[in-house]
Amino acid sequence: LALLVATAGLVAAPGEAIEGAKDGLLLCFNVIVPSLFPFFVLSSLVVDLGLAAYLGRALEGLMRPLFRVSGSCAAAVALGFIGGYPVGARTALQLYEQGLCSKTEAERLLAFCNNSGPAFILGVVGAGIFGDSRVGLLLYLTHALASLLVGLLFRFYGGGRVGPACGQRPKPIRTVTLPAAFTGAVSRALQSTLNICAFVVFFAVVLRLLSAYGALSALAELLSLAGFEGEWARRLVAGLLELSSGVASLRGSAQLAGRVSMAAFMLGWAGLSVHCQVLSFLVDSGLSARVYLAGKLCHGLIAAALTYLLTRLFPLSAPVADYLAEQTESIAALDFSTALAASTLAALAGWLILAGLCGFLLRKKCGNAA
């Protein structure tokens with residue numbers, strides 16, 4: 001019945017469906033591909049070349065007591081904060097497939113490593129939506145802090161020992177040659193990026209059709225029965241389904257603390273579209289999707305509470321200055337080649353930093369052994 005209704009809606013409003021697909025494809029071409037593809041390549045190289053394993057040996061004493069995960073998981077946490085959704089989740093899955101963490105550790109990691117990137121929060125949400133860079137900085141700080149708090153919370157999930165067995169020798173680090181790692185990383189990154197673009201286009205069409213037929217307004221009315229005001233209910237429905245549409249609805253002159261807190265929840269929850277992107281990686285992995293979804297819900301709630309508390313302690317004003325408006329327009333007007341070059345340079349810089357850190361730690365360890 002649902003498929004018949006969806007088909008009828010698609011046939012009855014082809015123009016809306018086409019416009020939604022165009023919006024989704026434009027978003028993929030201008031944002032998704034240039035921002036995610038280089039970081040997907042980076043995450044594969046970090047794992048395949050053994051950098052994550054070397055970092056794991058160095059950071060075991062930090063990651064294990066705090067989050068009850070192996071030190072190698074630090075790579076997924078770092079890439080999740082830098083690369084944005086869903087780079088952290090994909091890196092966590094690669095670590096699990098390479099045997100660098102257990103199934104329980106991978107599920108703990110999924111609960112808190114899949115985060116929004118700084119460019120989206122600071123540029124799009126802070127400067128673009130609220131017209132104030134201070135709001136963007138506040139949102140990013142609470143987003144990062146809430147993620148770490150979720151990691152501390154989910155350290156109690158599952159069983160297993162807290163640390164390595166006494167006297168147990170570390171497993172040898174498995175690596176592949178650089179040509180094999182590079183070609184495999186590019187191929188897998190392209191496949192992952194296309195999967196994500198497919199979900200983005202699909203949800204763009206769904207949201208356009210739901211809006212055209214009044215379904216979003218109906219869902220908002222149901223939420224309003226639970227105590228939400230009509231406008232806030234519509235914003236929440238949009239954010240639950242798709243992140244960018246949700247945060248875009250927060251423009252206006254309503255109470256700033258409420259709007260910023262709801263933005264913090266949307267960024268932590270990430271939206272159904274992002275969840276489908278992550279679940280596409282987890283289909284055949286055996287990892288629990290419920291743990292991931294529970295972690296994202298906790299992330300959104302904790303981030304919203306922290307943001308609301310801080311806006312009460314340190315009141316903010318959000319004037320939409322002409323300068324910030326110009327900066328936002330310049331960010332949105334970046335063409336594909338410029339955005340791809342900037343994202344590739346950022347990914348390359350991150351790879352070089354990780355490689356240099358691993359080399360330093362390896363030389364230090366060899367010097368101590370000598």
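1. With which residue does R188 form a salt bridge? The partner in this predicted model is D48, and the closest N and O atoms of the pair are 2.4 Å apart. The pair links distant parts of the chain, with R188 in helix α9 (residues 178-212) and D48 in helix α2, 140 residues apart. R188 counts as partly exposed at 32% relative accessibility, whereas D48 is buried at 11%.

2. The structure holds 6 salt bridges. One of them joins E107 to K103, with the closest N and O atoms 2.8 Å apart. Because these residues are 4 positions apart in helix α6 (residues 103-110), about one helical turn separates them. E107 is buried, with a relative accessible area of 2%, while K103 is partly exposed at 37%. Elsewhere, salt bridges that share partners join E16, D23 and R208 into one network.

3. E19 forms a salt bridge with K22, the closest N and O atoms lying 4.0 Å apart. Both residues belong to helix α2 (residues 14-48) and are 3 residues apart. E19 is partly exposed, at 35% relative accessibility.

4. Helices α7 (residues 118-129) and α8 (residues 133-153) have axes that come within 8 Å and cross at roughly 145 degrees. The crossing is right-handed. P118, I121, L122, V125 and G126 of α7 meet G136, L137, L139, Y140 and H143 of α8. By class, this contact has 7 nonpolar, 3 polar and no charged residues.

5. Overall, the protein has 17 helices and 0 strands. Of its 370 residues, 45% count as buried.

Key: Residues are numbered from 1 along each chain as its sequence is written. This is a predicted model: local features need pLDDT of at least 70, side-chain atom pairs count only at pLDDT 80 or more; totals for chains, interfaces and linings use all residues. Side-chain values use heavy atoms; hydrogens and water are left out. Axes are lines fitted to C-alpha atoms, for helices over the stretch in contact, and angles run from 0 to 180 degrees between N-to-C directions. Helices (H or I, at least four residues) and strands (E, at least two) are DSSP runs, numbered from the N terminus. A crossing is left-handed if the near helix is turned anticlockwise from the far one by less than a right angle, and right-handed if clockwise. Contact means heavy atoms within 4.5 Å. Ala, Val, Leu, Ile, Met, Phe, Trp, Tyr, Cys and Pro count as nonpolar, Asp, Glu, Lys and Arg as charged, and the others, Gly among them, as polar. Buried means under 20% relative accessible area, exposed over 50%, partly exposed in between (1.4 Å probe, protein chains only). A salt bridge is a side-chain nitrogen of Lys or Arg within 4 Å of a carboxyl oxygen of Asp or Glu.
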